[in-house]
Amino acid sequence: MAERNLPHIVLNGISKSESFRGKGGGGTPSPSLIQNRQAHAQRLIASLDAIQVEETARATYIAVQGRPGEPFLPEKFNVSGLSLLNMKEADTDQQVPGRAIVKASRSESGLSNLKGKLRQFAGDLRPPNNNGVRNPYHADMANSVGLFAEIELRDLWRHPTKPFPEAIGPIPWEVWLEPGEVEQFVARAVLEGLTVYPDRLEFPEDIVVLVEGDVGQMARTAIGTGSVRSISPPGVPIDFVDGLEAEEQADWLQDVLGRTLFGPQDQQAASYVTLLDTGITLAHPLIQPAFDAADRHAAVDGWDLADLHGHGSRMAGAALFGDLRTHFNSTAAIYVPHRLESAKVIPDAGHNPYHLLGDRTQKAINAVEVKPDRLRTFALATTTDLDTPHSGAPTSWSTELDQLAAGRSGEVKQRRLIVTSVGNIDAQHDGNTDYLNKCDDLDEGEVQSPSQAWNSIAVGAMTEMNGVGGPTHGATLAEVGDLAPMSRTASWTKTWPIKPDVVLEGGNWYDDGYSTTPNQHSDLMLVATSRNFPERSFTHISDTSAATALAAREIALLRASYPNLWPETIRALYVASARWTDRMWSHIAAADRSRKGAFDVMFTRYGYGQPNLERALKSASSAVTLIAEDSIRPYENKGSGRKLNEMRLFELPWPTNVLRGLVGQDVTLRVALSTFIEPNPSEVARGRKNRYASHGLRVALKGADEDVDDFTQRIGRTADEDQPDHNGPVGGEWDFGYNRRSVGSLHIDTMTVAASDLARRGVLAVYPVGGWWKENRSVDPERCVARFSLVVEIDATEAEADLYAEVQQRVAPQAAIQV
């Protein structure tokens, strides 16, 4: 190993082109060839005997160097108690032999078996082959080896580009171990004086442990245990932001910048994340290529456009790159197709008066929309607790967001896609033992205004961070896949929209075992860009701000791929891509999952779950997504009042043949209906969803044995009262149910049914229910047009059915049927 600095054993006296296989002439090798073969075997055995074997180790490491002129066959060292750890192919042009690192197991007698094969090679020959030639045993293996030697610690280094560290003092190491050998390694590491961090990453064939110590300590621990499969730099050094000097951070920055391609050049065609925040720094090299000085604005004339607080610059880094930590872990190229705009809504000193929050948001949007035709995703990660709890009822700020999204407010009358944060609870809460109870508390944890807006996408935080490389003591609060410890939730279960809509990574907090309040640690947060460049290149971002930035980034990428889709459609695609994690599901007992009321805890904490951008972007061969963008005139004047006017029926290009062929197989149908309502926040509307929303739309599916006429009559009977049809043929089959599905302006539900049954249900209806347009005759009925997007997904993943191909064949211009 490296700390003993032993040289490799160099073998001489054997021609590069000479091998020890049998020759022709009756299959009897010459005496000189026999002598050379035996001498080669003896030298190889002697080189193995020279390798130090630790009595406490479960395995011994061996460096195998190939022999010029012979094929290098490292796979020969992955049998009989030998494990191939890594290899480098031979470079024949440069005459560099191949090299492999092998671990010989003590329990499986790996070293003894290898020596035994070499003795067989030196001894009697195999029986003659079809050509009458007698070859030595294990000739391919022995001929390919030029030498065996002890390894150096650098031979276990696994990073493809970063060099093995030459530091003298303690450094962090990511150690990849055999599962089941962790305890032995940890015990020896502690004896050697290494700092061992408590958290683990578990993979099918490896467990990763983070330690800190010098090269000698690491080498002695590795050879003393024989448990290490490889070592690498940790994903990010411990205390990455706080622990690195400015020059070291600059090196990381240059590494990321060198791998990043920004685009597109045509800024008018680009997808933008527009941050309604504290401003964005222009100086940072990772921000500058995607952000023009002309795209800095403010809600109030005269405000400084620079980011003096840093929050907006942190949001900018996350909105462009996601968690920068993931890029430090990788050597892959990075593509950033979208751009940034800044509309400052938070003053550098003081705060916005409550009654001006909506106005400042509108004015900030007006400022950026001097260029009105850009493809924008607005991100607002600031909230207020001055009207909490509001129990989901509209506030002036949330109502203004609804108006802005619907295009009824702002100087430019256009629909907008707005992403908001649900806000964070007080970080000093005493939730170390039960943080979820604090997040669920009506008074302390309810989502803050304006995130209850119907037309926005409200984002909460979850976490997949388990603290690898993090706290040296204590335990993380949130389990992997659960709600982040500071994320707010919705206390209501009816009337008002499901909020949050989705949850994304917001980091974790931990209990240090001493204090009564949660603690933060840099390794439990996302890494983002710092406004203080060049003094500092990176900083941290966490909680619902981080989650909102990540959501805005993903939505901007989705819009870049589908620039012609409506904002309502993008919202439906993105939110409908979300799923609850296994950890979230663990809060509902398996026996209760058939009860629709049991889903309340899921919706109020996690919305529809964690979104999946890949799912939102494309249909797999066995999961096909159908999209319809349309509008209806929901009400008409009749006599002294207004009545429901029309519905839309969609005969979808159902993959009928494939579905019918899936005998005995179930498939999952997921339907999302998205519309932007015009709000009415009058006092009489509080607590009455049909008086706040301009209109309400619902979706229904035809029964398998129901003809279209019966289907439309059934819908007509239930639309007036906006009630579920309990007698309908599919009423009980929806997972979430009518009451849960029919709140807000985004409606999502799923059902899992027999494929052959779904094949006969290829008609969906979008129909209106009540709204203030219906009750207020002073509104011009010609203006009362409800635009909507319908997204339908059929998933037969388990059946591996090629649904997509049949749908492609059947797709033709589909005209909606007016009824």
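A residue is called buried when its relative accessible area is under 20%, exposed when over 50%, and partly exposed in between (1.4 Å probe, protein chains only). By that scale Arg553, with a relative accessible area of 22%, is partly exposed.

The structure is a predicted model, in which local features need pLDDT of at least 70 and side-chain atom pairs count only at pLDDT 80 or more, while totals for chains, interfaces and linings use all residues. Residues are numbered from 1 along each chain as its sequence is written, and side-chain values use heavy atoms, with hydrogens and water left out.

**Overview**

The protein chain has 25 helices and 32 strands; these are DSSP runs numbered from the N terminus, with helices (H or I) of at least four residues and strands (E) of at least two. Of the 819 residues in the protein chain, 57% are buried. Contact means heavy atoms within 4.5 Å. Among contacts between residues at least 6 apart in sequence, 79% join residues at least 24 apart.

Two packed helices are described by the angle between their axes and the distance between the axes. Here axes are lines fitted to C-alpha atoms, for helices over the stretch in contact, and angles run from 0 to 180 degrees between N-to-C directions. Angles under 35 degrees count as roughly parallel, over 145 as roughly antiparallel, 65 to 115 as roughly perpendicular and the rest as oblique.

Helix α8 (residues 311-321) packs on α14 at an angle of about 40 degrees, with the axes 7 Å apart. α8 is therefore oblique to α14. On the α8 side the contact involves His311, Met315, Ala318, Ala319, Leu320 and Phe321, and on the α14 side Ser545, Thr548, Ala549, Leu550 and Arg553. These residues divide into 7 nonpolar, 3 polar and 1 charged, where Ala, Val, Leu, Ile, Met, Phe, Trp, Tyr, Cys and Pro count as nonpolar, Asp, Glu, Lys and Arg as charged, and the others, Gly among them, as polar. The crossing of α8 and α14 is right-handed; a crossing has that hand if the near helix is turned clockwise from the far one by less than a right angle, and is left-handed if anticlockwise.

Helix α14 (residues 543-561) also meets helix α15 (residues 567-576), their axes coming within 11 Å and crossing at roughly 120 degrees. α14 and α15 are therefore oblique to each other, and their crossing is right-handed. From α14 the contact takes Ala551, Glu554, Ile555, Leu558 and Arg559, and from α15 Pro567, Ile570, Leu573 and Tyr574. This set holds 7 nonpolar, no polar and 2 charged residues. In α15, 10 of 10 residues are buried.

Arg553 belongs to helix α14. Beyond its neighbours within four places in sequence, Arg553 is in contact with Val273, Ala318, Ala319, Leu320, Phe321, Gly322 and His338. Gly317 is 236 residues from Arg553 in sequence, yet the two are 9.9 Å apart in space, C-alpha to C-alpha.

Thr377, in strand β14 (residues 375-380), is buried with a relative accessible area of 0%. Leaving aside neighbours within four places in sequence, its contacts include Ala552, Ile555, Ala556 and Arg559, as well as Tyr272, Leu417 and Val419.

**Aromatic pairs**

The structure holds 20 aromatic pairs. Rings of Phe, Tyr and Trp (its six-membered ring) pair if their centres lie within 6.5 Å; planes under 30 degrees apart count as stacked, over 60 as edge-to-face and the rest as tilted. Two of these pairs are tabulated.

| Pair | Centre to centre | Angle between planes | Class |
|---|---|---|---|
| Phe164 and Trp173 | 6.0 Å | 45 degrees | tilted |
| Phe650 and Phe788 | 6.1 Å | 85 degrees | edge-to-face |

The second pair links distant parts of the chain, with Phe650 in strand β26 (residues 648-651) and Phe788 in strand β31 (residues 786-795), 138 residues apart. Both Phe650 and Phe788 are buried. Phe164 is buried at a relative accessible area of 10%, and Trp173 is buried at 0%. Elsewhere, Trp580, Trp585, Phe599, Phe603, Tyr608 and Phe736 form one aromatic cluster.

**Backbone details**

The peptide bond from Ser449 to Pro450 is cis, with omega near 10 degrees, and Pro450 lies in the loop between α13 (442-445) and β16 (457-463). The bond from Lys499 to Pro500 is also cis, with omega near 0 degrees.

His138 is not a glycine but has a positive phi of about 55 degrees. His138 sits in the loop between α2 (110-122) and α3 (139-144) and is partly exposed, at 23% relative accessibility.
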